[in-house]
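Trainee: I would like to learn how to read a model of this kind. Could we take it feature by feature?

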Amino acid sequence: MLNQNVQEERKISRKSWFVTLILCLFTLGFHRIYVGKIGTGLLWLVTSGGFFVGLWLDFYKICTNQFTDKEGAYIIRK
């Protein structure tokens, strides 16, 4: 019952989960720019995805529906 309440309170982003995942896999930072996080997206481009550590963390968050856009809305697989 508690899990349903948490699910209802989460804001859902209009950004595509699939596009975010593909950009994360094949570019170093464009997935962050796509979701509106321009500052960290540019940082990821300059530092090769946060020396790949940040890139893998983002990949994990995207796959587990924990990655958020600029407004804090979750990007989830539909």
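Trainee: At what angle do helix α2 and helix α6 pack, and how far apart are their axes?

Mentor: Two packed helices are described by the angle between their axes and by the distance between those axes. Keep in mind that this is a predicted model. Here helix α2, residues 17-26, packs against helix α6, residues 53-63, at about 160 degrees, and the axes are 10 Å apart. Angles over 145 degrees count as roughly antiparallel, so α2 and α6 are roughly antiparallel to each other.

Trainee: Which hand does the crossing of α2 and α6 have?

Mentor: The crossing in which α2 passes α6 is left-handed. On the α2 side the contact is made by W17, T20, L21, C24 and L25, and on the α6 side by L55, D58, F59, I62 and C63.

Trainee: How do the residues of that contact divide into nonpolar, polar and charged?

Mentor: Eight residues of the α2 contact with α6 are nonpolar, one is polar and one is charged.

Trainee: What is the pattern of the protein chain along the sequence?

Mentor: The pattern reads α-α-α-α-α-α; the protein chain has six helices and zero strands. Of its 78 residues, 29% are buried. Among contacts with a separation of 6 or more, 52% join residues 24 or more positions apart. The accessible surface of the protein chain is about 5,400 Å², and carbon and sulfur atoms hold 64% of that surface.

Trainee: Now a single residue. Where does L45 lie, and which residues is L45 in contact with beyond its neighbours within four places in sequence?

Mentor: L45 lies in helix α4, residues 38-46. With neighbours within four places in sequence set aside, L45 is in contact with L28, G29, F30 and I33. Take F30 as one of these: L45 and F30 are 15 residues apart in sequence, and their C-alpha atoms are 7.7 Å apart in space.

Trainee: Why is L45 called partly exposed?

Mentor: Buried means under 20% relative accessible area and exposed means over 50%, with partly exposed in between. L45 has a relative accessible area of 33%, so L45 is partly exposed. S48 is read in the same way: its relative accessible area is 29%, and therefore S48 is partly exposed.

Trainee: What is the phi of S48, and what is the phi of N65?

Mentor: S48 is not a glycine, yet its phi is positive, at about 55 degrees. S48 lies in helix α5, residues 48-51. N65, also not a glycine, has a positive phi of about 60 degrees. N65 lies in the segment after α6.

Key
Residues numbered from 1 in each chain as written. Predicted model: local features only at pLDDT ≥ 70, side-chain atom pairs only at ≥ 80, totals over all residues. Heavy atoms only, no water. Axes fitted to C-alpha atoms, helices over the stretch in contact; angles between N-to-C directions. Helix = DSSP H or I, 4+ residues; strand = E, 2+ residues; numbered from the N terminus. Parallel < 35°, antiparallel > 145°, perpendicular 65-115°, else oblique. Left-handed = near helix turned anticlockwise from the far one by under 90°. Contact = heavy atoms within 4.5 Å. Nonpolar A, V, L, I, M, F, W, Y, C, P; charged D, E, K, R; others polar. Buried < 20%, exposed > 50% of the residue type's maximum accessible area, 1.4 Å probe, protein only. Areas by Shrake-Rupley, 256 points an atom, 1.4 Å probe, with all protein chains shown as cover.
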